[in-house]
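Hi everyone, thanks for making time for this. I'd like to walk you through one complex, going from a single residue out to the whole assembly. Let me put it on the screen.

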Amino acid sequence: MDEHLNKTQRVIGSGLLGTVLLFGVGGIVVYGLEAEPAYQPDALYVEECGACHYAYPPGLLPAASWAGIMRGLEDHFEDNAETDDETAAYVSKYLAENALQLGRPSKWSMLLRNMPTEPPLRITDLPGFVQAHESELELLEGVDLSVGFFSPCEDCHRQADQGLFDKELLSKGYGPTSR
Amino acid sequence: MSLVYATVISDVMIEEYKSEAARPFTIEAGFETWTAVQPNGRSCNTCHGESLRIAGSHQKTGKRIEAMAPSVNPDRLTSRKKINKWFLRNCKWTYGRECTAQEKGDILLWLSQL
Amino acid sequence: MVWDLFLRIFHWSLAFFFLLAYFLVTDRLRLHAHAGYTVALLVLFRVLWGVIGSRQARFVDFVVWPWKSIRYLVLLLRGRANSYLGHNPAGAAMIVALLACVLLTSLSGVALFALEGSGPLANTFVANWPGDLLAGVHEFSANLSLALVVIHVIGVVYSSYIYQENLIKPMITGKKKETFDGEPP
């Protein structure tokens, strides 16, 4: 009944299990247990890009998409969003630095899934977005989803200004009711 | 000519536009420029609303736009940068071109007493 | 001694890293993924140990066909099951189910992470797998694993009651009571 382990077992056991545990604990040490800091949008960005619509967090679109948007401010989804060169440069830099990026986990990195080689300009056209809103899109089958239906994130995601889109934080009886 | 709700900024800018304007600025011209509906169906009222003393809403996104009238909203006409920016964006959207110094001066004058 | 040292350390490590991964996700994706990798590595260790480890750790000692597990459970509920030194047939089934389930959770997580350009499978054959499907599998198997954990705990507590023996303690000390009457499969 007294099963002692032989030397080989002990060597292999401690070697392998030890390595795995070292790996595991190492991760805890490196990454820490605390949550990543809360989303803090740049004030100028919010002023320039949040005057007419919700200031979408830069992390919702890849850099290429943001660049495309900044290039076309004169016809920004049928509106004019031009600004002076200095401001445009500042905003472009802010967007590029905080954009959605492959290999950079964030609270929005699920939007990276199945990203096409040429990223779309609209967040709502991201495959990751469509996947995340599959049931809503299903519910709305047959309804005229004119462009802009999903654009006001804050209508359903009541903590969108903090960059939080968790399912648990949706408005009750969610829908475009706040307008 | 300085009006009830004029600000230092609006006064200065009106002065600057004078040199490039063909005619003296009038309140009536400002009102006309602001409210005239363009061939594309747009006017400044499209977003700012029929009354500038209450908030309007963006014609596409529905986002609230605070009242334009300085009598109600003391923030208005206090930043040259903001005035320039919105002239740039909104004239181009409404008229398809930038506003002339004449138009800008008329509008600022009109707003200064609203 | 029933449970060798490495088995015991494995058991509690798996519990720890699985629960860590399960409960810390939001705003901690890197830590979450790392815990998930650790779970997979632990499972791989267990599989190896199930081949070369101590007697009661080896799969040949306890893994049985599912109908034997069901028969054991029925007897247990009637208070008429044999006692086993190593894993009883129900425990055996739980082990297989749990190992498979957490491994599936971990692997689907690795694949999902790869779709986001992170982790060891980034930029590999996984690149075009459907994200919604993987996400569904990952979420489902994670929850199923947790459900199994709950059942496992209930099972251990219940068996402790039936057998009049604290069955949690042996997984810490490695030692069980001397008497048993169960037969190895």
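One definition before we start: a residue counts as buried if 20 or more other C-beta atoms lie within 10 Å of its own, as exposed if 12 or fewer do, and as partly exposed in between. Please also keep in mind that everything here comes from a predicted model.

Is Val25(C) buried, exposed or partly exposed? Val25(C) has 15 other C-beta atoms within 10 Å, so it is partly exposed. You will find Val25(C) in the loop between H1 and H2 of chain C. If you look from there to Ser69(C), 44 residues apart from Val25(C) along the chain, the two C-alpha atoms are separated by 35 Å.

That loop between H1 and H2 of chain C also holds Asp27(C). Asp27(C) is not a glycine, yet its phi is positive, at about 60 degrees. With 17 other C-beta atoms within 10 Å, Asp27(C) is partly exposed.

Now a residue in another chain, for contrast. Leu77(B) sits in the loop between strand E2 (64-65) and helix H4 (80-95) of chain B. Leu77(B) has a phi near 65 degrees, again a positive value in a residue other than glycine. Buried or exposed, then? Leu77(B) has 24 other C-beta atoms within 10 Å, and therefore it is buried.

While we are on chain B, let me describe the rest of that chain. Chain B has five helices and two strands, and along the sequence they follow the pattern α-α-α-β-β-α-α. The radius of gyration of chain B is 13 Å, close to the 13 Å that the globule rule gives for 114 residues, so chain B is as compact as a globular protein of that length. Its C-alpha trace spans about 35 × 30 × 25 Å along the principal axes. Of the 114 residues in chain B, buried ones make up 30%. And if you take the contacts in chain B between residues at least 6 apart in sequence, 59% of them join residues at least 24 apart.

Next, how do the chains meet? There are two pairs of chains in contact, and chains A and C share the most contacts. Chain B and chain C have no contact joining them, and their closest C-alpha atoms lie 29 Å apart. Between chains A and B, 11 residues of chain A are in contact with 10 residues of chain B.

For the A and C pair, 32 residues of chain C are in contact with 30 residues of chain A. On the chain C side, H1, H2 and H6 each give two or more residues, and H2(C) gives the most, with 12. By class, this side of chain C has 16 nonpolar, nine polar and seven charged residues.

Let's look at chain A's part in this. Helix H1 (residues 7-31) of chain A has 25 residues and reaches 35 Å from its first C-alpha to its last, close to the 36 Å expected at 1.5 Å a residue. Which residues of H1(A) are buried? They are Gly13(A), Leu17(A), Val20(A), Gly24(A) and Gly27(A). In general, an α-helix has 3.6 residues a turn, so residues three or four places apart point the same way. The buried residues of H1(A) pack against helix H1 (5-23) and helix H2 (29-52) of chain C.

Leaving aside its neighbours within four places in sequence, Leu42(C) is in contact with Val20(A), Phe10(C), Ser13(C), Leu14(C) and Phe17(C).

Finally, a word on confidence. The predictor gives the complex an ipTM of 0.91 and a pTM of 0.88. For chain C the mean pLDDT is 93, and 96% of its residues reach 70 or more.

Definitions and conventions
Residues are numbered from 1 along each chain as its sequence is written. Chains are lettered from A and ligands numbered from 1 in the order in which they are written. This is a predicted model: local features need pLDDT of at least 70, side-chain atom pairs count only at pLDDT 80 or more; totals for chains, interfaces and linings use all residues. Two residues are in contact if their C-beta atoms, placed from the backbone, lie within 7 Å. Helices (H or I, at least four residues) and strands (E, at least two) are DSSP runs, numbered from the N terminus. The expected span of a helix is 1.5 Å times one less than its number of residues. The radius of gyration is taken over C-alpha atoms; the globule rule is 2.2 Å times the number of residues to the power 0.38. Ala, Val, Leu, Ile, Met, Phe, Trp, Tyr, Cys and Pro count as nonpolar, Asp, Glu, Lys and Arg as charged, and the others, Gly among them, as polar. pLDDT is the predictor's confidence in each residue, from 0 to 100.
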